[in-house]
Every structure is written in C-alpha cells, then in structure tokens.
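Please read these points with the sequence and the model open beside you. Each one covers a single place in the chain.

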Amino acid sequence: MAITVRRLLARDDLGLRLLSRLPETTSPTVHPLDQSITWVAGTDLDDPTPFLAEGNVVLTTGRQFDHTANDTVDDYVTRLATFGIRAIGFASGVISDVPAELVSACQREQMPLFDVPYRTPFIAVTRYVADLVTAEAQGRSAWAADAQRAISLAALRNDGLHSSIVELSRLLDRPVTLFDARGDALHAVPAPLEVQSDTRRLLDRGIPTAIETDNGVLLQTIGRGGQLRGVLAVAGPLDNAAQSVVASVVALAVMALEQRRSLAEASLALRTGAWSSLRAGDVALARQLAGGSLPKDPVVVGLLSSPAPHEQEPRSQVAPRVVPHSSALDSVLSDPKLGTVFIARDGLCLAALFPAAETPGPTASDESLADAIAKRHGIRVGLSSFTTLDDIPRAVTEAERALGRARAEGVVARFDQVTDAGFDAVLDTDAARSLARAMLRPVADHDAAHGTALVTALGVWLEHNGALHPAAASLGIHRHTLRKHIQKVEQLLSRNLTSAKVRAELTLALDALAQARSATRNPLGQEPH
C-alpha cells in the first residue's frame with residue numbers, strides 16, 4: 001500500500017483530524033488525500049522549503065503565524081503547495097488554536113490541513129511514517145528480488161528474450177518495447193511504444209545512456225559504446241526497485257543480442273563460404289557449408305550494392321573477400337523481410353539466391369521481394385535470369401551486368417532488361433571504353449600529331465560495310481584518298497581490315513566510345529589538333 005495522507009489520518013491512536021474541506025474528486029488528478037508522501041518534517045520556519053523535499057508533510061506549532069497578517073499565511077500555504085508539500089499538520093493548543101486564515105488558505109489550495117492534538121507528539125507521527133517507509137522499502141526490495149527471479153526463469157525458455165520482455169511488462173504493469181540495433185521494434189508488449197525517432201537518435205550517437213522522453217518513456221541503451229545492440233523502452237516513471245528489475249532485463253538483453261549477433265556472423269561466414277563454392281562450381285561443397293539453407297532450383301541470383309560512389313562496379317571473383325560494408329548493406333543482413341532467403345557477402349556487394357516465385361518479371365503487377373528490399377534500404381539490386389545451382393557462374397555474370405544498369409537507371413534491374421538493350425548495355429561500361437581507347441590509341445595519336453581524321457574515316461568506312469565509293473562520297477573525299485586512309489589504319493593497328501572479326505571488333509570499339517561523346521570533345525577524349 002502507498003503511504004498517503006488518508007492512510008495517516010486513518011491511524012486512530014494518533015488522533016489526527018482533517019480540518020480543511022476538500023472536494024470529493026479532482027479528476028483527472030489524484031485526490032489530495034491519496035497522493036503519496038515521502039516523509040514528515042516538523043518546522044516553524046516561515047519558509048521551510050529549502051530544507052524539505054517534494055512529497056513531505058509539514059508539522060508545525062504555528063509560531064510563524066503569531067502576529068502576522070492574513071496575506072502572510074496565504075503566501076506560506078501557496079509556497080508549500082507549489083513546492084509539492086502533501087499536507088500540513090497543526091499542533092493545536094501548543095501556541096494557539098488553528099488560525100481560521102490557515103484553514104481558508106488550505107481549502108483554496110486544496111491542501112489537506114489536519115489537527116495534531118496536544119497529546120500526540122510530532123515524533124509519534126514521524127515514527128509511524130518512518131515505519132511505513134521502512135516496510136515499503138523492504139516490500140519493494142522483496143518484490144524486486146521475486147521479479148528478478150521470475151525474469152530469470154522466463155529467460156530460460158526457448159524464446160527467452162521475448163519471454164523476459166513479456167514478464168517485465170506484466171511485473172511493471174506497463175508497456176515495454178525492445179528495439180534492435182537499427183531502431184526497429186524487436187519485441188513489444190502489448191504494442192510498440194511510439195519512440196522510434198528518439199531511439200534511433202540514441203543509436204546514432206553510439207553512447208551508452210539512459211534518458212526520459214517528453215512523453216515519459218524511459219529509454220536505456222543496450223551494449224558498449226560504439227557497439228550498441230539495441231534500446232529498451234519502458235513507460236515511466238519507475239522507482240528504484242523497478243529500475244533494478246529493468247537493469248536485470250537489460251543485462252539479459254545484452255547477452256542475448258550479443259549471442260544473436262555472434263550466431264548471425266558465424267552463419268554469414270558459412271554462407272559466404274558456400275557462395276564461394278557455388279561461384280567455383282562446387283555445388284556439393286556448397287551444400288555442406290550451407291547446412292540446408294540453399295534453395296531448390298530454379299533460383300535467381302541477386303547482387304545487392306550500396307549506391308556509394310566507390311562501389312561503381314562489382315568485382316568478379318571466385319573467392320569473395322571480407323570487406324567493411326555500408327550501414328545500408330548491414331541492415332539488409334538483419335532484415336526480417338528476407339526470411340529464409342540465402343544471402344552472403346560478395347566483395348563490396350551482397351549476393352542473394354531468390355526463389356523464382358519471389359522474383360516476378362518486369363511485367364508482373366505485384367512488387368517482388370527484391371524491389372521491396374531495394375526500396376526499404378535504398379540500395380541497388382541486379383537480378384539474373386532463372387538459373388540452377390549448377391550454373392551459378394553464368395548467372396553471376398548476368399547479375400553483374402544488371403547491377404551496372406541498376407546504378408544508372410533505378411533501384412532494381414533484371415538481366416532481361418540488359419538483353420533488350422542489346423550490346424549497348426555491355427559497351428556502356430568503363431571497362432569497355434578503356435579497352436576501346438587502348439585499341440584505337442595508335443590511330444588517335446596519329447590524328448593528334450598530324451591533324452588527320454583517320455578515326456572518322458574508319459568509322460564511316462565501317463558503316464558502309466567497307467565499300468569505298470559510298471563511304472568516300474559521305475566523307476566528301478576521293479575513293480583513292482579513303483583507300484590510303486584505310487591502309488594507314490591497317491599499318492598503325494597492325495591488323496588486317498579485310499577480316500570480318502577485326503571489322504566487328506573495331507565497330508564495337510567505336511560504338512563504345514561514341515556513347516561517351518557527350519562528355520568529351522571527341523570519342524577518344526582528346527582535343528583535336
């Protein structure tokens with residue numbers, strides 16, 4: 001039971017009698033007689049507030065009211081009420097009877113005023129409250145010990161962390177929410193508290209702390225500085241006993257979330273090893289490492305990449321190396337939307353094997369899982385065509401090409417979009433442009449040094465399928481002049497231009513550079529002389 005003024009007045013042997021008339025209810029606030037009290041202090045000071053605490057009851061003989069004006073009594077009562085004093089006890093018959101001005105002032109402030117009879121010493125009232133405070137403290141300590149045992153038993157269940165949160169909410173009789181390291185509600189009883197923005201600010205700071213929000217919710221971070229694993233939110237306020245119980249749940253959450261992170265990292269390492277085996281074509285070893293997490297055929301290979309500038313092209317490699325990932329990709333790894341989707345690290349990307357049913361084509365009306373993940377985390381995704389586990393290397397190449405398109409045009413791209421674009425999609429890469437520049441560099445250098453236009457002549461000649469007359473007419477030169485230009489190109493490149501293969505390579509090289517003309521003065525990025 002709480003220690004209240006009503007409970008104090010109910011003690012018959014003290015003989016305390018209420019003098020101020022109080023309303024039956026002051027809804028929605030607590031009735032003045034039912035407010036909890038923390039201590040009883042005897043004082044005749046004009047202003048005792050510097051020596052008191054909120055929730056105290058003041059006992060006085062009234063010496064400070066001797067020969068004073070009514071407004072002084074009013075100021076005294078108003079000062080105590082504003083400070084948070086719960087009641088005033090007046091010892092009648094010691095100095096004087098209870099002043100009428102004091103009764104009126106207490107009624108106006110809705111301050112309980114009670115008479116302390118001459119036969120009742122102040123120490124008797126103080127001792128009674130002290131006994132109640134001691135009993136209350138012992139009772140709360142016993143409650144806290146029982147509560148911690150109940151939470152420890154809940155933690156031993158299969159869903160130990162969730163059971164501990166449920167038990168804490170029951171013991172405190174108030175909502176409790178555990179947020180994960182991303183600020184998403186992991187366990188909530190009965191429903192998530194609306195403090196997600198405050199929670200994420202705490203996690204972004206990365207400093208262990210405890211705060212109270214504007215709406216009275218207590219937030220306690222979980223984990224060490226720079227390695228916060230989550231935040232526990234509890235609707236306040238809480239006394240010391242309740243706070244000790246919350247602290248025990250925080251300790252359990254630290255261990256549970258740390259164990260969960262360690263298991264997740266170990267599982268990711270095994271899946272990454274399995275993915276390396278798939279890229280190397282060793283499906284049997286991949287199945288052993290994956291432990292049954294590989295999906296059944298058919299699947300779609302997805303490469304997931306952060307849109308950061310340093311991640312312009314995925315690396316093609318048989319053995320993915322472990323590198324630091326952006327927070328966006330880290331959040332993907334713990335996204336519950338992925339469910340049982342196989343996901344592993346692949347260089348600067350993440351690799352995923354989506355079940356075919358989860359990756360509808362671009363004409364599908366419903367949103368695919370890949371689309372949802374890309375939108376949720378602000379990442380880029382490249383998807384292969386349908387494939388089998390035995391054909392992963394080919395599918396990875398398709399996903400890489402699609403990822404390159406996704407960076408340029410949207411959040412998700414599929415390989416069929418790349419094939420619709422033909423060879424232009426392959427040529428529109430830094431690698432293709434670098435190869436083209438290297439292939440045509442001797443001709444470009446000759447043009448720059450001698451003021452010729454052999455690169456242009458070569459392009460027009462190839463456009464006309466090697467026919468000299470129409471190509472020369474298009475260039476406005478004689479066909480014999482064009483023949484000399486082509487012979488010079490052959491000499492500079494050391495290639496036989498009568499070969500269909502050579503002509504095709506040069507055509508693709510010119511096409512690759514043509515896509516960069518808007519950013520340079522000529523296809524090779526050189527100023528003409």
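**Notes on the model**

1. A search of the whole structure finds one aromatic pair. Rings of Phe, Tyr and Trp (its six-membered ring) pair if their centres lie within 6.5 Å; planes under 30 degrees apart count as stacked, over 60 as edge-to-face and the rest as tilted. The partners are Phe65 and Tyr76, in an edge-to-face arrangement with 5.0 Å centre to centre and 85 degrees between the planes. The pair links distant parts of the chain, eleven residues apart: Phe65 is in the loop between strand S3 (56-60) and helix H2 (70-83), and Tyr76 is in helix H2. Helices (H or I, at least four residues) and strands (E, at least two) are DSSP runs, numbered from the N terminus.

2. Before going further, note that this is a predicted model, in which local features need pLDDT of at least 70, side-chain atom pairs count only at pLDDT 80 or more, and totals for chains, interfaces and linings use all residues. Residues are numbered from 1 along each chain as its sequence is written, and side-chain values use heavy atoms, with hydrogens and water left out.

3. Buried means under 20% relative accessible area, exposed over 50%, partly exposed in between (1.4 Å probe, protein chains only).

4. Strands S6 (residues 176-180) and S7 (residues 185-189) pair in the antiparallel sense over four bridges; two strands pair if DSSP finds at least two bridges between them. Phe179 stands opposite Ala185 in S7. The two strands, S6 and S7, form a hairpin with four residues between them, and Gly183 in the turn has a positive phi of about 90 degrees.

5. Helix H15 (residues 454-463) packs against helix H18 (residues 500-514) at an angle of about 120 degrees, with their axes 10 Å apart. Axes are lines fitted to C-alpha atoms, for helices over the stretch in contact, and angles run from 0 to 180 degrees between N-to-C directions. From H15, Val455, Leu458, Gly459, Trp461 and Leu462 meet Arg503, Leu506, Thr507 and Leu510 in H18; contact means heavy atoms within 4.5 Å.

6. Leu454 is also in helix H15, and it counts as buried because its relative accessibility is 3%. Leaving aside neighbours within four places in sequence, Leu454 is in contact with residues including Val443, His446 and Leu492. The C-alpha atoms of Leu454 and Ala444, ten residues apart along the chain, are separated by 7.7 Å.
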